[in-house]
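Have the structure open while you read.

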Amino acid sequence: MSDRILAAVMPAPHAPIEVRGFERPDLPPGGALLRTARSEVCGTDVHLWHGRLAGVPYPIIPGHVSAGWLDAVRGPLRGIDGADLHEGDRVVFFDVHRTCGRCRACTVHRTPTRCAARRVYGITDPAAEGLFGGWSQAVYLEPGVGIARLPDSVGFDDYIGGGCGLLTAVHILERAALRPGDSVVVQGTGAVGLSSIALARAAGASTIVAIGAPASRLELALEMGADRVYDLDRSSADQRLEEIRELTFGEGADVVIEAAGSARAIEEGLMLARDGGRYVIAGHYTDVGVSQVNAHHHINRKHLEIRGCWGSEARHFLHALTLLEQHAATVPWRRIGERTYTLDQLNDAIADAEAMRITKALVDPSRMT
Ligand SMILES: [Zn+2]
Ligand SMILES: [Zn+2]
């Protein structure tokens, strides 16, 4: 890799993505440089481009989940799984860094995804500080970043096909406290919803119903492990409620997972859960407005448990790797990444992701058209 490193920069919301040159960084002890093989364009990147996330220090190099080879390492480097790491290793890293471990969120409440010091590669790291995003030929891995070797049987496209959606889904399933035999409804068939289906199947769910669009994603939902799918545009909420209750002893689902990011989905999800069921809300990563809730009918009388799910922790990252190692041969994660874009095609990638022409865009930063 040359000393001049090319990266795609998002200068500001709604401004075209530009390819810029950066100096190869000097590494401090414990630091490393990743030669990027794959990164991704996810829903968050579309939100970033629209300026819908608070506290983003534009210009940024987007691409928060990425994979590649260790190009340079300064001093001994130990992975988050305890293994020694060396130049040339095929690795991935946990995009969340600088979680402080000292604040009340970290220590008293044990909710480190709400730590105020926490930063995320490709989202809350400014390009002015260096190569902190995956839409770049190289990523600077500062000391303390959680790095792990990618299992030999897991391809870069498997890992990035799952990507941030898989890490989020691992956290969602933990929040859902899924028990073997539970019935599950997944609202949304984007990357988070699709991985949630696969993990619910692996965790022993009985019936899994997915609600989403467009048709191509519903086909993929069936291949990820859903038993039944509903096209949001070709079925009504009343029809879905009636049929899902029929499938679940007339009760509704034990667990409902919201990965749709729509205010209407909340209203429907509250109805689809059974009395005493659990509802995990993970799709409202940005403010999409107000949902109508009748607290008596939907929550109190129903004895419903509602849980939010924000970000992910290091264990979700490591568990995602284990799950990929076990299931990537049979679960088509790599098919979530429908098309691979080069560094100079990222404006197209954002437009395609926004228009839902593709489920997820992969990025190969080593190439230009
Ligand atoms: Zn903290
Ligand atoms: Zn993402």
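Predicted model: local features only at pLDDT ≥ 70, side-chain atom pairs only at ≥ 80, totals over all residues.

Helices are DSSP runs of H or I with at least four residues, strands are E runs of at least two, and both are numbered from the N terminus.

The crossing is right-handed, meaning the near helix is turned clockwise from the far one by less than a right angle.

So who touches whom, with contact meaning heavy atoms within 4.5 Å?

| Helix | Residues in the contact |
|---|---|
| Helix 3 | Gly-162, Gly-165, Leu-166, Thr-168, Ala-169, Val-170, Ile-172, Leu-173 |
| Helix 4 | Ala-191, Val-192, Ser-195, Ser-196, Leu-199, Ala-200 |

By class, that contact has 9 nonpolar, 5 polar and no charged residues. Nonpolar covers Ala, Val, Leu, Ile, Met, Phe, Trp, Tyr, Cys and Pro; charged covers Asp, Glu, Lys and Arg; the others, Gly among them, are polar.

Zooming out, the protein has 10 helices and 19 strands. Its C-alpha trace spans about 65 × 40 × 40 Å along the principal axes. Of the 369 residues, 56% count as buried, which is under 20% relative accessible area with a 1.4 Å probe, protein chains only. Among contacts with a separation of 6 or more, 69% come from residues 24 or more positions apart.

Housekeeping: residues are numbered from 1 along each chain as written, and chains are lettered from A and ligands numbered from 1 in written order. Local features need pLDDT of at least 70, side-chain atom pairs count only at pLDDT 80 or more, totals for chains, interfaces and linings use all residues, and side-chain values use heavy atoms, leaving out hydrogens and water.

Notes: Contact = heavy atoms within 4.5 Å. Buried < 20%, exposed > 50% of the residue type's maximum accessible area, 1.4 Å probe, protein only.
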